[in-house]
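Here's a quick tour for anyone meeting this structure for the first time. Have a look at the sequence and the model, then read on.

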Amino acid sequence: MNVIFLGPPGAGKGTQSKRLEARYGIAQISTGDMLRAEVAAGTPIGQEAKALMDSGQLVPDDVIIAMLESRIAQPDCAKGFILDGFPRTAGQAAALDSMLKRRGARIDVVLFLEVDENALADRIAGRFTCGTCGTGYNDLFKKPKVEGTCDVCGGHYFVRREDDRRETVAARLAAYREQTAPILPYYEAEGRLYPVDGMADIDTVTEQVFEIMDGITKK
């Protein structure tokens, strides 16, 4: 089973991907992690990507697709894979389909986490973590039981990511709308797009995802 998770930054794709990975035994693939691994290993593709990045250029789609083809050939992808955050454009979606077709494979399901962007911006801007143990909190729905003290380690130092600032979040959401949202009709036209209520609590979102997956695997 080959799966794509789509949705705006902060919608919960990473969390749900990990749960899918654990339940169905399919590998979660982050293109960012994959790119860094290829560069660190010094593979020919990694060397090409490193040269581009070192010169300030974006890594082109054909290089990303080539790395992805190498990645899905590894043993942990035998039962399938989950793409979190890729493809980001219609061009990448078409290139991905072409590569998989050449290998006799396809994307079986595209899970789309639907969210209210204003509420999502509030949620992202409210995130912070314990600077000692990394436990995550949120101003809106997960504050420490004792203000200023981590529930897990008792630490008193908390940090917020720079890219979680409201103005930064707004820019990331705008980029998503312009680049990634237009690929939704591409998958919808082929009956592969399955919307999920991403504003529900984490466990409820997981239940929705598992229900979709179970329904597809039983077909």
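Is Cys133 buried, partly exposed or exposed? Cys133 has 36% relative accessibility, so it counts as partly exposed. Keep in mind that this is a predicted model. Cys130, on the other hand, is buried, with a relative accessibility of 2%.

**Cysteines**

How many disulfides turn up in a search of the whole structure? The search comes back with zero. A disulfide is a covalent bond that joins the sulfur atoms of two cysteines. To count here, the two sulfurs have to lie within 2.5 Å. For Cys130, the closest cysteine sulfur belongs to Cys153 and sits 3.6 Å away, which is too far for a bond. Cys133 isn't in a disulfide either: its nearest cysteine sulfur is that of Cys150, 3.7 Å off. Here are the two pairs side by side:

| Cysteine | Nearest cysteine sulfur | Sulfur distance |
|---|---|---|
| Cys130 | Cys153 | 3.6 Å |
| Cys133 | Cys150 | 3.7 Å |

Five of them make up an open sheet, with parallel pairing and the order 2-3-1-4-8. At the edges you'll find strand 2 (27–29) and strand 8 (193–197), each pairing on one side only. Going from one strand to the next, the twist averages 25°.

Let's zoom in on one pairing. Strand 1 covers residues 2–6, strand 4 covers residues 109–114, and four bridges link them in the parallel sense. Which residue of strand 4 is the bridge partner of Val3? That's Val109.

Notes
Residues numbered from 1 in each chain as written. Predicted model: local features only at pLDDT ≥ 70, side-chain atom pairs only at ≥ 80, totals over all residues. Heavy atoms only, no water. Buried < 20%, exposed > 50% of the residue type's maximum accessible area, 1.4 Å probe, protein only. Pairing = 2+ DSSP bridges. Helix = DSSP H or I, 4+ residues; strand = E, 2+ residues; numbered from the N terminus. Axes fitted to C-alpha atoms, helices over the stretch in contact; angles between N-to-C directions.
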